[in-house]
Amino acid sequence: MNSSNLKSSITTLLNGSGQVMFQQNSWTGALFLCGIFYGACECRMPQVAWGAVIGLISATLAGIMTERKEDSGPQGLWGFNGILVGCAFPTFLSNTWGMWATLIFCSMLSTWTRTAMNRVMESRGINSLTFPFVMLTWIFLLVARTMHGLTPEALPAPELESHFSFSLDTSIPALVTYCLKGISQVFLINSPAAGAIFLAGIAVNSRRAAIYAAAASAIALAVAIAFQADPHAIANGLFGYSPVLTGIAMGYVFTSYNLKSAIWAMTAIIATVFVQAATNMLLAPLGLPALTAPFCFTTWLFLLPGYRFFVKQQ
């Protein structure tokens with residue numbers, strides 16, 4: 001491999017990291033990886049960071065093996081589902097050879113699943129977003145309940161949520177921490193510092209996207225507090241990460257820059273909070289995390305009307 005091919009390969013991988021938040025920028029992708037490593041080490045889970053790298057590489061290799069490079073490779077669209085798979089498996093499963101083997105396998109599947117889903121969805125003007133990651137991760141987490149080669153470690157117990165008392169620190173420093181965690185949880189990282197790194201990475205490519213990401217996390221936090229959602233989930237940013245993705249998608253990627261699109265994006269962000277709560281409850285009896293499903297469901301719902309202020313997908 002000559003230096004030009006090596007540079008191109010690294011750029012493709014870094015773009016794949018950035019595309020998790022719709023940013024086709026290698027510097028953004030590099031900052032995202034830095035944030036993942038920092039946050040994972042802060043949480044004493046370095047395997048999450050290494051899983052992210054392995055998932056990113058595996059998903060990108062799957063695209064190289066089977067798809068035309070000019071389709072989506074250089075843009076990083078092969079890798080973004082894989083890096084999320086790589087973050088999720090070490091988070092929810094024990095550190096065993098079976099976990100690493102299925103992480104690689106599932107990351108590769110995510111690239112092919114994305115292509116299949118996009119072929120079905122493109123006629124409706126939508127795409128699969130991060131749902132290949134969501135669907136495949138759900139499948140393998142359910143498999144872990146019945147195959148002992150995969151051992152659940154941090155999966156919630158399969159039961160309906162019980163009643164809780166609402167008690168939450170609402171000081172300014174605490175609220176800022178919750179907002180930053182809402183951004184960091186996109187990569188399943190529970191770290192305000194990592195959230196700040198991710199936000200900086202978005203701003204490197206687009207200040208508008210960064211504003212929407214920060215605003216979405218703040219709006220989601222306000223809605224969750226106003227409706228007295230689970231305080232533990234609020235404090236850990238678990239009501240923020242899907243609205244963050246929805247905010248970037250609806251405010252920066254799929255709509256034009258005008259007042260109508262801004263109002264539409266804010267409406268979608270608020271809706272995502274309620275979809276998040278409903279998805280959490282729906283999946284509780286199965287003991288599955290919502291992952292980024294609320295973002296996918298809400299974004300599809302708000303894109304399907306196809307209003308004139310939308311940007312038509314190429």
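**Helix crossing and pocket**

Guide: The axes of H10 and helix H12 (residues 241-253) come within 8 Å and cross at roughly 135°. This is a predicted model, where local features need pLDDT of at least 70, side-chain atom pairs count only at pLDDT 80 or more, and totals for chains, interfaces and linings use all residues. Residues are numbered from 1 along each chain as its sequence is written, and side-chain values use heavy atoms, leaving out hydrogens and water.

Visitor: How are H10 and H12 set to each other, parallel or oblique?

Guide: Axes are lines fitted to C-alpha atoms, for helices over the stretch in contact, with angles from 0 to 180 degrees between N-to-C directions. Under 35 degrees is roughly parallel, over 145 roughly antiparallel, 65 to 115 roughly perpendicular, the rest oblique. H10 and H12 are therefore oblique.

Visitor: Which residues make the contact?

Guide: Contact means heavy atoms within 4.5 Å. H10 gives Arg208, Ala209, Tyr212, Ala213, Ala216, Ser217 and Ala220; H12 gives Pro243, Val244, Gly247, Ile248, Gly251 and Tyr252.

Visitor: What is the volume of the largest pocket?

Guide: Rolling a probe the size of a water molecule over the atoms shows where empty space is left. On a 1 Å grid over the protein atoms alone, a pocket is an open set of points where a 1.4 Å probe fits, with protein on both sides within 12 Å along at least five of seven lines; lining residues have an atom within 4 Å of a point. Volume is the space filled by probe spheres set on points joined across faces, edges and corners. Here the largest pocket has about 1200 Å³. Of its 46 lining residues, Pro156, Ala233, Leu238, Asn280 and Pro289 are the closest to the centre.

Visitor: Which helix supplies the largest share of the lining?

Guide: H13, with 7 residues.

Conventions
Helix = DSSP H or I, 4+ residues; strand = E, 2+ residues; numbered from the N terminus.
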